[in-house]
Amino acid sequence: MKFALIADEVRVSIDSDSDIVAARQKGRELAAQCGFPSTDLAVVATAISELARNIVRYAVRGEIILRLIDDNGRRGVEVVATDDGPGIPDVTLAMQDGYSTSGSLGLGLPGVRRLMDEFEISSDFGKGTTVTARKWKR
Amino acid sequence: MNPELRELADEYDRALEDYLAGRGEAALQEAYELGRKTLKKGLGMLDVATLQQRALLKCLVRARTTKEGTRILRMAQKLFVESLLPFEMSHRRVQEVNTALRESEQRYRNLVDTARDVIYTLSIDGKIKSLNPVFETITGWLRAEWIGKEFSPLVHPDDLPRAVTLLQVVLASRVPPTFELRIRAKSGAYIPGEFTATPQTQDGRVVGVLGVARDITDRKRAEEALRRLNEALEEEVKRIAHALHDEAGQLLASVHIGLADVARDLPPHTSRRLDDVRGLLTKIEEQLRHLSHELRPTILDDLGLQPAIEFLADGVSRRTGLQIVVEGAPGKRMPAPTETALYRIVQEALTNVTKHAQASHVTIRFVRDGRLLRCSIHDNGTGFDVLAVQARRGVRGLGLIGIQERLNAVGGTLNVASAPGKGAELIISVPVEAGGADADPPRR
Ligand SMILES: Nc1ncnc2c1ncn2[C@@H]1O[C@H](COP(=O)(O)OP(=O)(O)OP(=O)(O)O)[C@@H](O)[C@H]1O
Ligand SMILES: Nc1ncnc2c1ncn2[C@@H]1O[C@H](COP(=O)(O)OP(=O)(O)O)[C@@H](O)[C@H]1O
Ligand SMILES: [Mg+2]
Ligand SMILES: [Mg+2]
């Protein structure tokens with residue numbers, strides 16, 4: 001799905017934990033511009049955190065793209081996390097609660113899906129992963 | 001405060017200090033990671049609330065002005081939200097799971113409430129835990145009259161020992177094949193039921209039995225009707241066989257005597273022409289006798305299945321020119337219903353071969369294999385598409401169905417192997433008593 005862009009998109013390359021903070025910061029700013037209530041700002045920051053830490057942990061480097069979008073007057077924030085890493089062999093499995101290949105909580109991907117309003121994931125095994133999540137202004 | 005929480009408390013203090021010191025997003029991220037860590041350790045939201053309260057108090061006592069106090073409060077609140085977000089994610093998961101569970105329970109309820117079969121659960125001590133509404137329709141009992149009670153008074157006394165054994169089997173975590181029990185209705189009548197029973201487990205332990213019971217009154221009635229019909233048919237066939245053999249046979253014998261009389265009074269050359277007629281008459285007599293024996297072969301009762309089949313094969317062979325070979329031996333004599341069923345089945349199979357197969361050769365083979373007797377009837381004819389014939393509902397012939405029904409009655413099975421151009425083979429298996437392959441003396 002393609003939505004109208006309200007402002008220029010923001011790209012943050014991710015390759016360390018400090019980049020995660022930068023991406024969260026930008027996301028929060030963008031969502032604040034859009035007039036999100038403060039708890040939803042935290043939600044957007046959380047989604048960015050989870051997707052960015054997955055990039056750092058599993059793909060080593062990648063990029064977070066942030067967009068302010070408009071769908072017939074409804075405004076929202078789109079978070080795209082994309083990398084050229086190893087990809088996910090079984091996306092359905094990766095989306096299951098508690099599934100983790102690193103002994104972590106397996107909370108990230110399913111958590112982001114539930115916190116955000118829309119969620120898409122596509123992964124080519126060996127080629128990389130792209131996750132797109134949107135939150136609309138309430 | 002335990003050491004685990006103590007360590008987290010220090011981290012929380014540091015995060016709040018950092019945030020107040022203007023480290024912004026980095027401090028918020030710290031709080032978020034702290035929340036994740038708390039969750040991972042299996043601690044709860046209230047623990048985070050405790051951490052936040054202590055950190056906040058420590059900072060607040062240092063505040064010199066109201067303005068500063070307000071700022072601290074506002075910022076601490078934002079930080080608190082961050083540390084709670086991991087819990088929010090996991091909370092939403094629980095909500096989603098609960099909703100799915102509720103929906104699946106509702107679907108299960110609907111299914112159970114509208115099912116036409118009885119669905120029951122038992123506890124390990126044989127008490128009835130649940131019954132669905134159709135139990136009332138079928139048995140006339142109210143469910144409330146039985147829930148919490150022992151199941152045993154519901155079962156026919158003769159069936160009870162088996163029911164108890166089966167309960168033990170299921171409680172030992174095994175799944176028995178379907179079984180039949182008669183159930184006492186409120187009216188006092190017994191209803192035949194077909195049952196399944198499976199163990200209900202919780203944390204790997206068997207905690208009860210879940211099963212389905214179907215009212216098979218109609219099926220039993222149909223089976224009984226079919227059995228009686230077959231019996232009546234056998235009687236009728238016997239009558240016709242006797243009529244052919246005795247009455248027609250005797251008439252023909254009188255004709256013989258009459259002709260012999262006449263022949264004596266005729267000149268030799270005319271009497272020789274009469275001899276030809278008498279020869280034909282003898283053939284007719286022989287055929288009639290053979291036919292009557294095939295119809296109801298006393299040889300089956302007297303000598304057993306193998307001689308009867310050989311006799312039948314011989315007759316068919318002579319009538320049709322089909323070459324028929326009987327191989328192997330059915331072994332020990334079997335109960336009369338089984339022998340009759342096998343005889344009729346081979347008879348119908350041979351009829352099919354002559355009617356449809358355009359075959360030149362048939363092999364009938366008996367193999368005794370422990371508690372199974374297998375009989376195969378194999379022809380080298382046109383063959384047919386088995387699935388297509390079986391799918392031909394309504395318009396299909398009664399032969400193969402009749403074979404199947406006869407086998408049902410004696411607990412046997414039928415396999416048909418055939419394809420166009422490949423001939424046809426019927427493979428019949430019936431359970432028999434274990435024992436040697438040698439034939440017993442005639443049943444008398
Ligand atoms: N960008 C990615 N590239 C390759 N694999 C990934 C990527 N993101 C996630 N995965 C795979 O999907 C799995 C599930 O991800 P998810 O974020 O849900 O859990 P986690 O990262 O293992 O645990 P947690 O997020 O709770 O620390 C990961 O364990 C990893 O195998
Ligand atoms: N030995 C056989 N060779 C070829 N076709 C057969 C043979 N036995 C059965 N069939 C096919 O299967 C059909 C069903 O057989 P059956 O149930 O005995 O009914 P019916 O003999 O009354 O037609 C037959 O009509 C015929 O097409
Ligand atoms: Mg993750
Ligand atoms: Mg037939």
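Analyst: Between chain A and chain B, 12 residue pairs are in polar contact, both residues at pLDDT 80 or more (a polar contact is a pair of N or O atoms within 3.5 Å; within protein, one must be able to donate a hydrogen and the other to accept it, and residues adjacent in sequence count only if both atoms are side-chain atoms). On the side of chain A that touches chain B, helix H1 (17–33), helix H2 (38–59) and helix H4 (108–115) each supply at least two residues (helices are DSSP runs of H or I, at least four residues, numbered from the N terminus). H2(A) gives the most, with 8 residues.

This is a predicted model: local features need pLDDT of at least 70, side-chain atom pairs count only at pLDDT 80 or more, and totals for chains, interfaces and linings use all residues. Residues are numbered from 1 along each chain as its sequence is written, chains are lettered from A and ligands numbered from 1 in the order in which they are written, and side-chain values use heavy atoms, with hydrogens and water left out.

In total, 24 residues of chain A are in contact with 19 residues of chain B, contact meaning heavy atoms within 4.5 Å. The rule finds 9 salt bridges across this interface (a side-chain nitrogen of Lys or Arg within 4 Å of a carboxyl oxygen of Asp or Glu). The side chains of Arg28(A) and Glu25(B) meet in a salt bridge, at 2.8 Å from N to O.
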